[in-house]
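Student: I'm new to this one and would like to know where the labels come from. Can we go through them together?
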Amino acid sequence: MRLERLREELVDLHAELLRHQLVVWTGGNVSARDPETGLIAIKPSGVRYDDLTAASMVVLDPDGAVVEGDFAPSSDTASHLYVYRHRPDVFGVVHTHSRFATAFAAVGRPIPVYLTAHADEFGGPIPCAPFAFVGDDSIGRLVVEGIGRSPAILLRNHGVFTVGPNAQAAVKAAVMVEDIAATVWAALQLGTPDELDPEAVERLHRRYTTVYGQPGRRSDP
Ligand SMILES: [Zn+2]
C-alpha cells in the first residue's frame, strides 16, 4: 500500500475533527500531500468517520488521477488538488462546516482580529470568499485567490477551508478558526469588540511564530 504512514495519519486526523466537534456525519475532509512523491491522500466520499481506515483513503496524483484506492475520493477533491497545485508550500488541506465559523460564512462576514490568540495563529483577519458550487475546482480557486497568508478562509454560505505545511497544522487551523469564531460570536452578543490594530497584530504574530514554544521545536504546529 502506498503512503501507508500518511494514510494512517489521515485516519487519526479525521478522528480529531470529530473529537473537536467540527463535523457531523460525513461533512468534512482532510487531505495530505506526500513531500517525496507529490501524491495526495484524501478521505473517500460518503464514508463515515468511524468506518475510515488507512486502506480506505484514496491516493491521487495532483491532476486527479487515482493512483490507489477502492473508493471514489471526497466530492471536494478537485478543490483540494487546485490548492496543492497553486500553493507549493501547502502539504495539508482541511474542509469543515464547523458551526460558529460557518455562521460567519452564512452571513458572508470575515472575522476581524479582536483576540490575541487570533493574531498569534492567523496574523490577520480571517477572510470570507464568495459563494461557489461544490463539484469542480471553483472553491479551490476562491481559496487560493482569497486566503493570503492566513491558514483559514470562510466560504460564503458554506463552511471553512484551512491549509498548512502538513495535515496536522491544517487540522489545528480548523480547530483554532472554530474556537475564535465561537468567542467572537459570544463577544458580539455582549457588545462591540475592539479590533486590534494591524501593528499589534503583526507584533503578536511575529512573536508567536518566532519566539513562542520550546527551543528547537518552534515549527511544530
Ligand atoms: Zn462542504
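Student: Why is Asp137 called buried?

Tutor: Buried means under 20% relative accessible area, exposed over 50%, and partly exposed in between (1.4 Å probe, protein chains only). Asp137 has a relative accessible area of 19%, so it counts as buried. Keep in mind that this is a predicted model, where local features need pLDDT of at least 70 and side-chain atom pairs count only at pLDDT 80 or more, while totals for chains, interfaces and linings use all residues. Residues are numbered from 1 along each chain as its sequence is written, and side-chain values use heavy atoms, with hydrogens and water left out.

Student: What makes Arg141 and Asp137 a salt bridge?

Tutor: A salt bridge needs a side-chain nitrogen of Lys or Arg within 4 Å of a carboxyl oxygen of Asp or Glu. Here the closest N and O atoms are 3.1 Å apart, so Arg141 and Asp137 qualify. Arg141 itself has a relative accessible area of 41%, so it is partly exposed. The structure holds six salt bridges.

Student: What does the salt bridge between Arg7 and Glu68 tie together?

Tutor: Its closest N and O atoms are 2.7 Å apart. Arg7 lies in helix H1 and Glu68 in strand S4 (residues 66-68), so the pair ties together parts that are 61 residues apart in sequence. Helices (H or I, at least four residues) and strands (E, at least two) are DSSP runs, numbered from the N terminus.

Student: Are those two partners buried or exposed?

Tutor: Arg7 is buried, at a relative accessible area of 1%, whereas Glu68 is partly exposed at 26%.

Student: How do you know that Pro130 is exposed?

Tutor: Its relative accessibility is 51%, so Pro130 counts as exposed. Pro130 is found in the loop between strand S6 (128-129) and helix H5 (138-146). Leaving out residues up to four places away in sequence, Pro130 touches Leu142 and Arg156, where contact means heavy atoms within 4.5 Å.

Student: And what makes a set of residues a nonpolar core?

Tutor: They must be buried Ala, Val, Leu, Ile, Met, Phe, Trp, Tyr and Cys residues joined through side-chain atoms within 4.5 Å. The largest such core has 22 residues, and Leu10, Leu17, Val30, Val94, Ala167 and Val171 touch the most other members.

Student: Which helix gives the largest share of this core?

Tutor: That's H6, with five residues. Apart from this core lies another, of 16 residues, including Val83 and Ala132.
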